[in-house]
Amino acid sequence: MNYLENLSPVLQALLASLFTWLMTTAGAFLIFFTDRPNRGFSVVAESSAAGIMLAASFFSLLNPAFDYPSSVPPAVAVTAGFCLGGGLVLLADRLLSRSERAAKSEDAGKLKSRLLYAAVTLHNVPEGLAVGVAFAGGGPLAAAMLAFGIGIQNLPEGLCVACPLRARGMSRKKSFLLSSLSGAVEIPSAVIGAVAATFVGSLMPWALSFAAGAMIAVSASELIPGSFTEHKSLAFVGLIAGFALMMFLDVALG
C-alpha cells in the first residue's frame, strides 16, 4: 500500500484499472471450462460488489466532493454532478432497451447478444472513470477498495458476457477474447478520469459526484436486481457485508 501511495494518481488509476480488467479476463477465461456461470457465486459476487460500490459512492466520492472549492456552491455542483452521472447510465440503459425491443427478426438472438455486449462495455466506462476520479481525490485506500469492488463484480461479469456469445455458436477462444475486451475500456476511462480530476481542480466536486451517481445507477439498475432475482437471503448477506466492509475501511482507516 505504501508503494501505491507514492505513485501519481494517474499511475495509481492505471494500475487499478489493469486489475479490474484482469478480473474481467479471469472471468471470461472460465468459458474454457463451462458454458454456464455458477448462479450462487454470481449472486454473492454481484451483491457484495454492489455493497462496496454503494458505500464507496457515499463515503469515498460524495463526502469528499463537498470539501473541494468550486465556482458554484458545493451543494449545487455535487447535486448536478451526481444527477449527470446517474443520468448517463440511465440514458444508456434506455437506448439499449429500445434497440432490444426493436429486434423482431430471425437474428433477434444474435442482436440480443450484441446488445448485452454493448451494454456491459458501455457500463464499464463510468466504472473506469469512477476509479480514476477516486484516486485523484478520494484517497488511495478508498479508491483501491472501490477498484476491488468493481473487480469482484467483473469476475462473474466476464463469464456472463462470454456465455451468450458461446451459445450463439462462437468459439470458446473468440468468446473469451471479446469478453476480455469488454473490460479493457476501463483502462483508458480510468486514466482520463484521473487526468481530468488531477489537472483541473475545479472539476473535482463535479467529477467525484458524477462518479458516485454512475456507481449508484449501475448498482441499482444492474447488480442489485440481478442478484436479488433468486437466492435473496444470500444476496442480502453479500450486500450488507460488502457495504459494511467498505464503510469500516473508509471510516476507520481512510
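## Overall architecture

The model is predicted. The secondary structure of the chain consists of 10 helices and 0 strands, so that the order of elements from the N terminus on reads α-α-α-α-α-α-α-α-α-α. The chain has 254 residues, of which 47% count as buried. Among contacts between residues at least 6 apart in sequence, 87% join residues at least 24 apart.

## Annotated transmembrane regions

An unreviewed UniProt entry lists residues 12–33, 40–62, 74–92, 176–197, 203–221 and 233–253 under "transmembrane region". Two of these spans can be described in the model. Residues 176–197 are 95% helix and 0% strand, and the C-alpha atoms at the ends of this span are 33 Å apart. Residues 203–221 are likewise 95% helix and 0% strand, with 26 Å between the end C-alpha atoms.

## Packing of H2 against H6

Two packed helices are described by the angle between their axes and the distance between the axes. For helix H2 (residues 9–29) and H6, the angle is about 25° and the axes are 6 Å apart. This angle makes H2 roughly parallel to H6, and the crossing of the two is right-handed.

On the H2 side, the contact is made by Gln12, Ala16, Phe19, Thr20, Met23, Thr24, Ala26, Gly27 and Ala28. H6 contributes Pro140, Ala147, Phe148, Ile150, Gly151, Ile152, Asn154, Leu155, Gly158, Leu159 and Ala162. By class, the contact of H2 with H6 holds 13 nonpolar and 7 polar residues, and no charged residues.

Trp21, Thr24, Thr25, Ala28 and Phe29 of H2 meet Phe176, Ser179, Ser180, Ser182, Gly183 and Ala184 of H7. This contact comprises 5 nonpolar and 6 polar residues, with no charged residues.

Helix H6 (residues 140–167) and helix H7 (residues 172–184) pack at an angle of about 140°, their axes being 8 Å apart. H6 and H7 are therefore oblique to each other, as angles over 145 degrees count as roughly antiparallel. Their crossing is right-handed. Gly158, Val161, Ala162, Leu165 and Arg166 in H6 meet Arg172, Ser175, Leu178 and Ser179 in H7. The residues of the contact of H6 with H7 divide into 4 nonpolar, 3 polar and 2 charged.

Gly158 and Ala162 of H6 take part in the contact with H2 and in the contact with H7. Thr24 and Ala28 of H2 meet H6 and also H7. Ser179 of H7 meets H6 and H2.

Is Glu127, with a relative accessible area of 1%, buried or exposed? Glu127 lies in helix H5 (residues 108–137). Glu127 is buried because its relative accessible area of 1% falls under the 20% cut-off.

Leaving aside residues up to four places away in sequence, Glu127 touches Met53, Ile150, Gln153, Asn154, Glu186, Met215 and Val218. Of these, Ile150 and Asn154 also belong to the contact of H6 with H2.

Leu223 is placed in helix H9 (residues 204–228) and is buried, with a relative accessible area of 5%. Its C-alpha atom is separated by 7.9 Å from that of Ala49, a residue 174 positions away along the chain. Beyond residues up to four places away in sequence, Leu223 touches Glu46, Ala49, Ala50, Met53, Gln153 and Val218. Met53, Gln153 and Val218 are touched by Glu127 as well.

Val185 lies in the loop between H7 and helix H8 (186–199). With a relative accessible area of 22%, Val185 is partly exposed. The C-alpha atoms of Val185 and Trp21 are separated by 8.3 Å, although the two residues are 164 apart along the chain. Not counting residues up to four places away in sequence, Val185 touches Thr121, Asn124 and Val125.

Key
Residues numbered from 1 in each chain as written. Predicted model: local features only at pLDDT ≥ 70, side-chain atom pairs only at ≥ 80, totals over all residues. Heavy atoms only, no water. Axes fitted to C-alpha atoms, helices over the stretch in contact; angles between N-to-C directions. Helix = DSSP H or I, 4+ residues; strand = E, 2+ residues; numbered from the N terminus. Parallel < 35°, antiparallel > 145°, perpendicular 65-115°, else oblique. Left-handed = near helix turned anticlockwise from the far one by under 90°. Contact = heavy atoms within 4.5 Å. Nonpolar A, V, L, I, M, F, W, Y, C, P; charged D, E, K, R; others polar. UniProt positions renumbered as here; feature names shortened; annotations may be inferred. Buried < 20%, exposed > 50% of the residue type's maximum accessible area, 1.4 Å probe, protein only.
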